[in-house]
Amino acid sequence: MAINKKGLRSQIQAIADTTHFAVLATDNDGFPYTNIIGYLLDDDLKSLYFFTSRHTRKFRNIQKNPFVSVLIDNREIYADKTYLITAITMLGKASIIDRVHKHIRQRYLSRYMELGSFTESSFNKLIKIDISRYIVVSRFQEVIEMEP
Amino acid sequence: MMGVFCKKFSEILGSDSKICGPKALKLAKIIQAGFPVPNGLCVTIEGYRAFVRSNGLDRKIIKEIQKKDIDAMRWEEIWDLSLAIKNFMIQTDIPKDLYDAIKEAVLALFGDVPVAVRSSSPEEDSEKTSFAGIHDSFLNIRGIEEIIKHIKMVWGSLFSTASIVYRKNRTGWLHDISIAVIIQRMIKSDRSGVVFTVNPMDRATGVIESVWGYNQGLVDGTVEPFKWILDRKTAEIDSSNRPKKIFMMKDPFSHEIIELKDGRVPLENGAVKEIFQDALKIEGLFNQATDIEWTMTENEFFFLQARPITTGKDLLDGDQKKDRELRPDLAKLSGIRKKIKNEILPGMQEDIRYAKGIDIQKITDDALIHEAKKLLKNYLRWKQSYWDYLIPFAHAIRMFGDFYNSKMAPASPHAYIGLLETDDLISVKRNARLLRFAELAQKDKDLYEIIQKHKSLKNSVYGKEFQDLMDEFKEDSSFGEAVTDANIMKIIGQYAQNFKKNTKVLVDQDHLKEKFIGNLKEAEKKLGIGLLDLAKEAYNLRDNDNILMGRLESPLKAAFSELQKRYQDLSVDQQKEYASSYQNFLENSMSMLQAKQRKKKPASLFARQLTGQPASSGTAEGKARVIHHQKDLFEIKASEIIVCDAIEPNMTFVIPAASAIIERRGGMLIHGAIIAREYKIPCITGVEDAMVFIKTGDYLHIDGDLGIITIERTRKVSHPS
């Protein structure tokens with residue numbers, strides 16, 4: 001069979017490893033609201049982390065409604081080659097983490113070395129998203145849903 | 001721009017290898033060293049690149065390639081892919097600067113004389129790979145428009161089935177490949193041959209082979225050559241060998257071969273030595289063992305191409321082997337047609353008649369075992385013929401498709417099928433009888449009720465007609481005991497609910513045929529008409545051959561089933577004989593619905609949209625009916641969408657009740673696709689995971705034009721939607 005969980009997992013992992021940013025969608029009082037975020041995806045694909053200021057709109061949105069959606073994709077690599085692009089939508093619930101585990105910070109900084117002071121600022125919080133579902137779109141129209 | 005896009009042989013330098021390909025480079029070296037080579041030029045890889053970058057062609061190619069994982073494609077699907085890409089190429093105009101450059105170069109060098117248009121791939125002719133014959137060459141092309149068209153066809157052959165199969169196993173990547181094209185003055189070959197400067201069997205010697213006429217017969221192995229072995233040091237002839245029968249390829253396109261009775265040898269010994277001496281000098285130019293093709297007119301001699309003798313073993317994998325075996329060949333196909341028409345079909349019919357004459361219930365146990373063994377023997381014999389002749393004969397359809405597209409450049413690569421469709425399919429005729437009952441039931445309330453409640457029709461006015469229908473079904477179907485009055489009534493009942501007047505608009509085939517033939521040059525007409533004729537017959541046979549196999553299988557199943565009933569009364573020896581024959585049958589049955597290992601859907605994985613090959617256009621929506629077993633066929637409800645591994649001709653009676661078909665098996669010419677087009681319902685084939693992800697009852701949306709299936713399923717969600 002062509003589609004299997006192992007293959008999908010490595011596809012997701014590969015895109016997370018080779019692309020830098022994700023798009024986060026939150027609920028802004030009933031309206032969709034999107035941002036670019038620097039993120040870290042856990043190896044088990046169950047959680048995604050990012051840092052944000054406590055004063056941002058996305059932070060406030062998450063406080064009101066923790067259900068979010070995140071998009072990652074490889075369009076940076078394949079530019080205009082529509083049929084080679086894979087897009088991964090994650091659905092999940094965000095929570096605000098008060099104590100940042102050293103291990104998470106280190107891994108986050110290995111992806112975003114320039115953001116050391118950003119992750120340490122008292123203004124900023126670590127957000128963890130527990131991912132409940134992946135929607136993987138490849139070959140332009142093939143759509144497979146997966147629970148991590 | 002001419003210098004970038006076109007280079008004359010006399011201008012090509014060693015540093016041009018990357019843009020001209022080694023074949024052109026070698027010819028240039030040979031000509032520059034003073035040996036006779038038909039004059040020519042190279043349309044460089046830059047020309048190809050400019051072409052595919054124009055009009056978004058490169059993106060269209062990627063789109064086709066990415067539609068499905070190449071490793072999951074059957075050879076037949078690769079053929080469809082190849083046809084689609086080649087058609088893009090033929091249809092796309094080349095950019096004006098490229099057109100002007102080629103026109104200027106061609107007119108300056110050749111004027112209006114006929115030329116050969118050949119591939120020169122950067123990957124061809126290397127010592128490690130054996131690309132020979134993978135890309136196309138065209139002979140005897142005349143006039144700038146025809147030359148341009150054939151350049152596009154050589155570019156298209158970068159995506160020939162052979163090339164795709166070859167590359168997917170080696171480089172695995174089809175995206176950034178390119179090809180140069182050689183245009184050379186055409187030589188009308190009187191005799192031709194090949195020189196191997198080193199004999200692979202004995203490195204102290206070399207070999208010359210020669211045939212009358214064109215080289216194609218020698219290269220593809222259909223014409224046995226005269227052969228000389230020469231000493232490399234002295235260029236003296238060590239030994240020579242002549243073929244038992246002398247053949248000549250008269251026409252390299254139709255591959256027409258004739259036998260020569262006069263026994264003349266194409267080369268005198270003096271000429272053999274002279275060619276070998278020149279070949280050794282050419283070998284010196286490249287510093288490697290070389291094989292060189294040559295040709296002669298009545299009074300001129302030419303070297304045609306040189307390439308290194310590949311040292312790597314030519315190991316063919318399954319697909320490549322198949323691709324070689326199945327390469328279309330008009331003469332071969334005509335021979336197959338004759339055999340099918342005169343021997344195979346009448347033979348099958350005779351064995352079907354024989355089986356009908358056996359009264360299985362009445363004969364003794366011994367006689368029954370004897371008959372079962374005989375029926376099995378017949379079945380196995382025809383099964384072999386099916387694989388040896390009937391399956392390869394389907395290539396007549398593909399050969400015609402390629403020819404049609406190269407001449408007509410149609411908007412859809414599969415337009416040629418319109419010329420082949422027929423009302424003469426056995427399965428369609430049988431369905432017409434079912435449809436007639438459905439129509440009657442719509443008008444006659446009593447009949448409708450009988451059918452809906454599966455009551456007996458014995459005493460009604462339709463009794464005899466229904467019995468006839470049942471008899472035909474029992475004879476045709478390989479489902480044996482599943483064909484009951486009640487089951488067939490179930491199907492008619494569903495037809496009646498899904499009944500639409502036969503609104504089928506037949507394509508005006510006469511008009512299409514006229515247009516096609518009108519578009520051919522005088523010299524091509526015979527070939528075009530011959531190919532169409534062959535393809536029509538092959539298309540018709542595509543479904544009917546399976547029905548005949550079903551008719552051979554059906555009495556065999558009945559005989560085994562009767563033996564099963566009598567099992568307890570059989571002697572031990574008889575039981576053994578029955579068991580071994582039955583095992584042999586199970587292993588060889590062509591019925592695809594035999595118990596198959598079902599693939600399980602992985603937990604926590606769901607398909608929302610699947611894609612496949614659009615094989616019959618239109619859109620539909622409805623509940624899925626997944627066919628895992630024979631019994632599932634009789635459960636179909638009107639307007640459901642059939643999801644199956646593959647539609648067998650014996651299953652097609654359910655199609656008029658359905659609103660669409662989805663098949664795991666891929667291709668435009670498989671039974672499901674043929675029958676879906678016949679009934680004008682959408683069909684998507686080659687959906688690798690259809691049977692895994694779709695469950696009976698799932699609500700589906702089908703786009704038969706794009707090949708997209710959307711699956712609606714109600715399930716618990718852990719996230720608000």
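# Exercises on a two-chain model

The side chains of Lys455(B) and Glu449(B) form a salt bridge, with 3.7 Å from N to O. Keep that pair in mind, as the first exercise starts from it. The model you are looking at is predicted.

## Exercise 1: Another pair, and the total

**Task.** Find the salt-bridge partner of Asp359(B), classify both residues, and then say how many salt bridges the structure holds over all chains.

**Solution.** 

Step 1. The partner of Asp359(B) is Lys362(B), and the closest N and O atoms are 3.7 Å apart.

Step 2. With a relative accessible area of 35%, Asp359(B) is partly exposed. With 70%, Lys362(B) is exposed.

Step 3. Over all chains, the structure holds 46 salt bridges.

## Exercise 2: An open sheet in chain B

**Task.** Write down the strand order of the five-stranded open sheet in chain B and identify its edge strands.

**Solution.** 

Step 1. Reading across the sheet, the order is β1-β2-β5-β3-β4, and the pairing is antiparallel.

Step 2. An edge strand here pairs on one side only; in chain B these are β1 (6-8) and β4 (138-141).

Step 3. From one strand to the next, the twist averages 25°.

Step 4. Zoom in on one pairing. β3 of chain B (residues 115-120) and β4(B) are antiparallel and share two bridges. Within β4(B), Ile141(B) stands opposite Val115(B).

## Exercise 3: Strand β17 and its partners

**Task.** Describe which way the side chains of β17(B) point, and find the strands that pair with β17(B).

**Solution.** 

Step 1. Strand β17 of chain B covers residues 641-644. Ile641(B) and Val643(B) point one way, while Ile642(B) and Cys644(B) point the other way. All four are buried.

Step 2. One partner is β16 of chain B (residues 619-627), which runs parallel to β17(B) and is joined to it by four bridges. Here Ile627(B) has Cys644(B) as its bridge partner.

Step 3. Another partner is β18 of chain B (residues 660-663), also with parallel pairing over four bridges. Here Val643(B) has Ile662(B) as its bridge partner.

## Exercise 4: Where the two chains meet

**Task.** Describe the contact between chain B and chain A: how many residues take part, how much area is buried, and which element of chain B gives the most residues?

**Solution.** 

Step 1. The contact takes 30 residues from chain B and 24 residues from chain A.

Step 2. Between them, the chains bury about 2,500 Å², with 59% of it on carbon and sulfur atoms.

Step 3. Check the polar side. The count of salt bridges between chain B and chain A is zero, while eight residue pairs are in polar contact, both residues being at pLDDT 80 or more.

Step 4. Look for the elements of chain B that give two or more residues to this side: they are α4 (57-66), β14 (605-611) and α24 (690-693). Of these, β14(B) gives the most, with seven residues.

## Exercise 5: A serine within the whole chain

**Solution.** 

Step 1. Leaving out residues up to four places away in sequence, Ser385(B) touches Ile344(B) and Leu390(B).

Step 2. Now step back. Chain B contains 24 helices and 21 strands.

Methods
Residues are numbered from 1 along each chain as its sequence is written. Chains are lettered from A and ligands numbered from 1 in the order in which they are written. Side-chain values use heavy atoms; hydrogens and water are left out. Two strands pair if DSSP finds at least two bridges between them. Axes are lines fitted to C-alpha atoms, for helices over the stretch in contact, and angles run from 0 to 180 degrees between N-to-C directions. Buried means under 20% relative accessible area, exposed over 50%, partly exposed in between (1.4 Å probe, protein chains only). Contact means heavy atoms within 4.5 Å. Buried area is the accessible area (1.4 Å probe) that two parts lose on being put together, summed over both. A salt bridge is a side-chain nitrogen of Lys or Arg within 4 Å of a carboxyl oxygen of Asp or Glu. A polar contact is a pair of N or O atoms within 3.5 Å; within protein, one must be able to donate a hydrogen and the other to accept it, and residues adjacent in sequence count only if both atoms are side-chain atoms.
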